[in-house]
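Please brief me on the fold shown below. Keep it brisk and grouped by topic.

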Amino acid sequence: MDQPILEARNVNKHFGTFHVLDDISLVIPAGSIYGLLGPNGAGKTTFIRILNQITAPDTGSVQFNGRDIKLGDTASIGYLPEERGLYRKMKVWEQAIYLCRLKGMSKAEATNSLKDWFTRLNMKSWADKRVDELSKGMQQRLQFVVSVAHGPELLILDEPFSGFDPVNTEELKKEILRLNEEGTTIIFSTHNMASVEELCSEITLINKGQNILSGKVDEIQRSYSKSIYGVSFKGSQVAFANALGHQFEIENLVEKGELSNALIKAHSSMSTKDLLGSLIQQVDIVSFSEKLPSMNDVFIDMVTPKSEVA
């Protein structure tokens with residue numbers, strides 16, 4: 001396992017009688033893009049505020065680089081909150097300088113870093129505009145820049161693509177991946193499961209204040225496999241169905257010219273090797289693959305009360 005940059009151990013947090021975080025433990029490897037997932041009200045934002053020293057756990061501990069996290073560590077952490085926090089009447093450039101100075105940068109350091117980021121993200125023409133003259137997406141881009149300009153070791157992104165169109169979303173994804181390749185560890189909190197599959201190597205899923213699932217994305221998808229396979233073939237559909245027998249059910253079958261595409265579900269422990277052996281005797285197999293569940297499927301399955309599942 002990679003060296004953890006952050007480890008939470010049995011973290012609990014109450015607000016009055018409400019148990020917001022219930023014995024949360026997780027380990028975030030250095031250099032990873034780590035997904036922090038959960039429905040609204042699950043406790044994600046409270047946990048992120050603990051990491052940023054905005055609040056403290058009632059019990060339990062958080063370690064940063066192998067020792068208890070302390071207030072000074074926020075200089076090594078960048079945070080893009082879901083709730084935007086810009087001063088609307090300030091000009092873009094002076095606000096960016098001000099927020100970088102709050103992270104401990106000198107004016108010269110802030111100026112050099114911001115010039116680079118403003119050029120990279122095509123923001124130079126905004127410098128003298130007031131924040132309230134910017135669109136939501138432009139404000140989001142500015143807040144992202146001031147979250148990363150000080151070169152944080154750990155970057156926490158809470159719904160970073162909110163307010164972005166697809167073009168700007170792709171641009172921001174490229175910057176996130178570039179920062180990660182340069183060594184920044186990223187905690188990525190989102191409801192966008194497609195982005196989780198694209199960006200994250202590991203995740204923790206929190207529901208009702210509890211860690212209900214942690215692990216590598218690909219391993220989680222495989223563990224929730226429902227034994228569904230996609231098969232493309234040429235030949236008789238009747239012969240194909242006969243080769244499946246009673247051990248597989250055809251869930252979908254579409255014909256495109258001489259090519260047929262089928263989704264089949266296993267009802268037995270018949271190996272894929274034996275299945276292919278049976279099929280190739282009847283039809284010409286073009287492709288064969290297991291269809292793993294999406295992270296969206298896993299998310300819904302884990303957080304939906306079983307009594308609500310039809």
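Thr 204 stands opposite Ser 214 in β10. The two strands here are β9 (residues 202-207) and β10 (residues 210-216), antiparallel and joined by 6 bridges. Two strands count as paired if DSSP finds at least two bridges between them. Helices (H or I, at least four residues) and strands (E, at least two) are DSSP runs, numbered from the N terminus.

This is a predicted model: local features need pLDDT of at least 70, side-chain atom pairs count only at pLDDT 80 or more, and totals for chains, interfaces and linings use all residues. Residues are numbered from 1 along each chain as its sequence is written, and side-chain values use heavy atoms, with hydrogens and water left out.

**The six-stranded sheet**

- The hairpin of β9 and β10 has 2 residues between the strands. Lys 208 in this hairpin takes a positive phi near 55 degrees.
- β9 and β10 belong to an open sheet of 6 strands with mixed pairing. The strand order is β6-β7-β8-β3-β9-β10.
- At the edges are β6 (77-80) and β10, and each pairs on one side only.
- On average, neighbouring strands of this sheet are turned by 15 degrees against each other, direction ignored.
- Strand β3 (residues 33-37) runs parallel to β9, and 4 bridges join them. Leu 37 stands opposite Leu 205 in β9.
- Helix α10 (residues 295-303) lies across β3, β9 and β10. α10 runs at about 30 degrees to β9. Axes are lines fitted to C-alpha atoms, for helices over the stretch in contact, and angles run from 0 to 180 degrees between N-to-C directions.
- In general, strands of a sheet pair through backbone hydrogen bonds, either parallel or antiparallel.

**The four-stranded sheet**

- A second open sheet has 4 strands in the order β2-β1-β4-β5, with antiparallel pairing.
- β2 (18-29) and β5 (67-68) stand at the edges, each with a single partner strand, so one side of each has no neighbour in the sheet.
- Strand β4 (residues 59-64) and β5 are antiparallel and joined by 2 bridges. Gln 63 stands opposite Asp 68 in β5.
- Helix α1 (residues 44-51) packs on this sheet and touches β1 (4-15), β2 and β4. The direction of α1 makes about 60 degrees with that of β2.

**Arg 9**

- Where is Arg 9 found? Arg 9 is in strand β1.
- Arg 9 counts as partly exposed because its relative accessibility is 36%. Buried means under 20% relative accessible area, exposed over 50%, and partly exposed in between (1.4 Å probe, protein chains only).
- Arg 9 touches Ile 24, Ser 25, Gly 60, Ser 61 and Gln 63, not counting residues up to four places away in sequence. Contact means heavy atoms within 4.5 Å.
- Arg 9 and Asp 23 are 14 residues apart in sequence. In space they are 7.7 Å apart, C-alpha to C-alpha.

**Helices α2, α3 and α4**

- In helix α2 (residues 92-102), the buried residues are Val 92, Gln 95, Ala 96, Ile 97, Leu 99 and Cys 100. Their cover includes α3 (107-120) and α4 (136-148).
- Gly 104 follows α2 and has a positive phi, near 95 degrees.
- α3 and α4 pack at an angle of about 140 degrees, with axes 10 Å apart.
- Leu 114, Trp 117 and Phe 118 of α3 make this contact with Leu 142, Phe 144, Val 145 and Val 148 of α4.
- The contact residues divide into 7 nonpolar, no polar and no charged. Ala, Val, Leu, Ile, Met, Phe, Trp, Tyr, Cys and Pro count as nonpolar, Asp, Glu, Lys and Arg as charged, and the others, Gly among them, as polar.

**Cysteines**

- How many disulfides are there? The count is 0. A disulfide is a pair of cysteine sulfur atoms within 2.5 Å.
- Cys 100 is buried at 1% relative accessibility. Cys 200 is buried too, with a relative accessible area of 7%.

**Whole chain**

- The protein chain has 10 helices and 14 strands.
- Its C-alpha trace spans about 75 × 50 × 35 Å along the principal axes.
- Of the 310 residues in the protein chain, 44% are buried.
- Among contacts in the protein chain with a separation of 6 or more, 67% come from residues 24 or more positions apart.
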